[in-house]
Amino acid sequence: MNAPSPLVAGRNCTDCTLCCTVLAIAALSKPRNTDCVHAIAGKGCQIYGERPAVCAAFHCDFLVDPKLPAHWRPKRARMVLYYDDDANRLGVHVDPAKPDSWRQAPYYSDLKIWARAAAPTRGQVIVFLPDDRIAILPDRDKRLGPTNPDQVLVGMEYETPTGVIYDVIAMDRNDPRLPQEPQSNT
């Protein structure tokens, strides 16, 4: 997990608990896309003072990135953004109750802009849905299939006569073609 960044002035979780639904919390044996038993909608975490360290250390990108506009507040967007430095990946964790929210304006156009900016460094914009992952690429969206802990996502680029094509592929962790430093799956 990334080192915590300072929070943007005026931003806080208050009554938003979407990360408590869309993210897995191993310390609580809570899988992705299920409500945490300790999160009360509209009220927050009921074990806030004793919550696991992973929860205490987590801040979604809306809380730490002052460039993100107000429409990206998770409770409004129905998505939690989290940038993973180690994987060079923006994870877009979508509320299972609103699985098409990432396709709506203005979110989709923002995701495409970020995908175009990330592609030259093999960065990724990955939408995590309950039963699928979608790579947002500069020229298309690509289904990657369900999350599989035995796989990693790898950014690729191919030279063609008409220019560079960017791609993301899911590879088995033990694949000998895997780059030296495998990227995380989530």
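Helices, taken as DSSP runs of at least four residues, and strands, taken as runs of at least two, are numbered from the N terminus, and in this predicted model Leu23 is found in the loop between helix 1 and strand 1 (39-40). With a relative accessible area of 17%, Leu23 is buried, because buried means under 20% relative accessible area. Leaving aside residues up to four places away in sequence, Leu23 touches Lys30, Pro31, Arg32, Phe58 and His93. Leu23 and Phe62, by comparison, are 39 residues apart in sequence, and their C-alpha atoms are 15 Å apart in space. Thr21, which is found in helix 1 (residues 19-22), is likewise buried, with a relative accessible area of 12%, and its contacts, again not counting residues up to four places away in sequence, are with Lys30, Pro31, Arg32, Asn33, Thr34, Asp35 and Pro96.

The aromatic side chains were examined next, and the count comes to four aromatic pairs. In one of them, the ring centres of Phe58 and Tyr82 are 5.2 Å apart and the planes stand at 45°, so the pair is tilted. Phe58 lies in the loop between helix 2 (53-57) and helix 3 (61-64), whereas Tyr82 lies in strand 3 (residues 79-84), so the pair ties together parts that are 24 residues apart in sequence. Both partners are buried, Phe58 with a relative accessible area of 13% and Tyr82 at 15% relative accessibility. A tilted pair is also formed by Trp102 and Tyr108, with 6.1 Å from centre to centre and 55° between the planes. Here Trp102 is buried, with a relative accessible area of 1%, while Tyr108, at 26% relative accessibility, counts as partly exposed.

Among charged side chains, the count comes to 10 salt bridges. One of these joins Arg143 to Asp132, with the closest N and O atoms 2.5 Å apart, and this pair links distant parts of the chain, since Arg143 is in strand 7 (residues 141-143) and Asp132 is in strand 6 (residues 132-136), 11 residues apart. Asp167 is buried, with a relative accessible area of 10%, and Lys142 is partly exposed, with a relative accessible area of 23%. These two residues also belong to a network of salt bridges that links Asp139, Arg140, Lys142 and Asp167.

A further salt bridge is formed by Arg177 and Asp175, with 2.7 Å between the closest N and O atoms, and a polar contact of 2.7 Å also joins their side chains. Asp175 is placed in the segment after strand 9 (163-172) and, at 16% relative accessibility, counts as buried, while Arg177 is exposed, with a relative accessible area of 65%.

Methods. Residues are numbered from 1 along each chain as its sequence is written. This is a predicted model: local features need pLDDT of at least 70, side-chain atom pairs count only at pLDDT 80 or more; totals for chains, interfaces and linings use all residues. Side-chain values use heavy atoms; hydrogens and water are left out. Rings of Phe, Tyr and Trp (its six-membered ring) pair if their centres lie within 6.5 Å; planes under 30 degrees apart count as stacked, over 60 as edge-to-face and the rest as tilted. Buried means under 20% relative accessible area, exposed over 50%, partly exposed in between (1.4 Å probe, protein chains only). Contact means heavy atoms within 4.5 Å. A polar contact is a pair of N or O atoms within 3.5 Å; within protein, one must be able to donate a hydrogen and the other to accept it, and residues adjacent in sequence count only if both atoms are side-chain atoms. A salt bridge is a side-chain nitrogen of Lys or Arg within 4 Å of a carboxyl oxygen of Asp or Glu.
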